[in-house]
Amino acid sequence: MLALTGDDYGPARGVLAVPGIAVMLLLFWLRARVPDPAAYEREVQATAPSAPDAPDGRLPAVH
């Protein structure tokens, strides 16, 4: 854009403002549509993986 306008920053900023404004409008629209995003989060309980049950309580041998 600078090469086309002879190093005039006004049009270059205008071109860059278009996607910036589009992103801000998208963010405001999403915020209005989903006011509480935490409501969509699932509760995940951390559990330790259980070892396979061995009759004598030892871990199985690696083959």
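**Close-up views of a predicted model**

**View 1. Asp7 sits in the loop between α1 (2-5) and α2.** Helices here are DSSP runs of H or I with at least four residues, and strands are E runs of at least two, numbered from the N terminus. This is a predicted model, where local features need pLDDT of at least 70, side-chain atom pairs count only at pLDDT 80 or more, and totals for chains, interfaces and linings use all residues. Residues are numbered from 1 along each chain as its sequence is written, and side-chain values use heavy atoms, with hydrogens and water left out. The phi of Asp7 is near 60 degrees, a positive value in a residue other than glycine. Most residues other than glycine have a negative phi. With a relative accessible area of 59%, Asp7 is exposed (over 50%; buried is under 20%, partly exposed in between, with a 1.4 Å probe and protein chains only).

**View 2. Helix α2 covers residues 9-33.** Its 25 residues reach 36 Å from first C-alpha to last, close to the 36 Å expected at 1.5 Å a residue (1.5 Å times one less than the number of residues). At Ala17, α2 bends by about 25 degrees, and Pro19 follows within four residues. That bend is the angle between axes fitted to the seven residues ending there and the seven starting there.

**View 3. Val23 belongs to helix α2.** Val23 counts as partly exposed because its relative accessibility is 46%.

**View 4. Here is the whole protein chain.** Its secondary structure comes to 2 helices and 0 strands. Of its 63 residues, 2% count as buried.
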